[in-house]
Amino acid sequence: MPYRHFSDLDADIRARAARIRLAVFDVDGTLTDGGLFVGEDGHETKVFHVHDGLGLKRLHENGVQVAIVTARISHPVTLRAEELGIEHLYQGQQDKRACVLEIIDALGLTPDEAAFVGDDLPDLAPMRMVGLAVAVADAHPTVAEHAHYVTRRAGGHGAAREACDLILAAQGKADAELERWL
């Protein structure tokens, strides 16, 4: 059985993940480790984990919409979203909850069909309204307390992939996904 590390999941988390049709990810501290590299010329560089990228692509290819919602505006995030084929990219969002609600509404979904993966206090409001709230392992303690699931991996180090794998496993798509690569 692939994804054996999810076999001991609480039934409530498994049920929540099985309903997900939209997975929304924060960037800094979630898709990255939170470090900001700014050169003397003012250009910003970010480091993304390739495992996370494949997870996001696999979610999308298995019928789960993927969105990025972040408070900051960053050209590297635009480039990464384009590379991964993520259509729902929302930068400069100070009210992440309102943004996530707009995406849910535009896609004709309910909040229970959405997941939010985050790490810090600005992520609390959207996490509290979705069906599956995921905090990365190194999230702020208050964020972790409000999450349905806390990843084993840290932000920027495979946490997003773990959230993607959790959803695929709960939806019964893990076997076919693994078979595809064998």
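**Salt bridges, sheet and cysteines in a predicted model**

A salt bridge joins the side chains of Arg72 and Glu44, with nitrogen and oxygen 2.8 Å apart. Arg72 belongs to the loop between strand S4 (65-69) and helix H3 (75-84), whereas Glu44 is part of strand S3, so this pair ties together parts of the chain that are 28 residues apart in sequence. The two partners may also be described by their accessibility. Arg72 is partly exposed, its relative accessible area being 32%, while Glu44 is buried, with a value of 17%. The structure described here is a predicted model.

A further salt bridge is formed by the side chains of Lys46 and Asp28, where the N to O distance is 2.5 Å. Lys46 is located in the loop between strand S3 (44-45) and helix H2 (50-61), and Asp28 in the loop between strand S1 (22-25) and strand S2 (37-38); the pair therefore ties together parts that lie 18 residues apart in sequence. Both Lys46 and Asp28 are buried.

Another salt bridge is found within a helix. Asp165 pairs with Arg161, and their closest N and O atoms are 3.2 Å apart. Both residues lie in helix H7 (residues 159-170), with a separation of 4 residues, or about one turn of the helix. Asp165 counts as buried, at 10% relative accessibility. Elsewhere, salt bridges with shared partners join Asp28, Glu44, Lys46 and Arg72 into one network. The count for the model comes to 10 salt bridges. In general, side chains of opposite charge can pair when their charged atoms come close.

The strands form the next part of the picture. Six of them, in an open sheet of 6 strands, follow the order S5-S4-S1-S6-S7-S8, and their pairing is parallel. At the edges stand strand S5 (88-90) and strand S8 (149-150); each has a single partner strand, so one side of each is left without a neighbour in the sheet. Within this order, strand S6 (residues 114-118) pairs with strand S7 (residues 132-135) in the parallel sense, over 4 bridges. Phe116 stands opposite Ala133 in S7. In general, strands of a sheet pair through backbone hydrogen bonds, either parallel or antiparallel.

The cysteines call for a separate remark. The number of disulfides in the model is 0. Cys99 takes part in no disulfide, and the nearest cysteine sulfur, which belongs to Cys164, is 18 Å away. Seen from Cys164, the closest cysteine sulfur is that of Cys99, and the distance of 18 Å is too far for a bond, because a disulfide requires sulfur atoms within 2.5 Å. Cys99 is buried, at 3% relative accessibility, and Cys164 is buried as well, with a relative accessible area of 0%.

The side chain of Asn62 reaches the backbone oxygen of Arg58 at a distance of 2.8 Å. When residues up to four places away in sequence are left aside, Asn62 touches Leu168, Lys173 and Glu177. As for Glu177, it is 115 residues from Asn62 in sequence, yet their C-alpha atoms are 8.8 Å apart in space.

Conventions
Residues numbered from 1 in each chain as written. Predicted model: local features only at pLDDT ≥ 70, side-chain atom pairs only at ≥ 80, totals over all residues. Heavy atoms only, no water. Salt bridge = Lys/Arg side-chain N within 4 Å of Asp/Glu carboxyl O. Helix = DSSP H or I, 4+ residues; strand = E, 2+ residues; numbered from the N terminus. Buried < 20%, exposed > 50% of the residue type's maximum accessible area, 1.4 Å probe, protein only. Pairing = 2+ DSSP bridges. Contact = heavy atoms within 4.5 Å. Polar contact = N/O pair within 3.5 Å; in protein donor to acceptor, adjacent residues only side chain to side chain.
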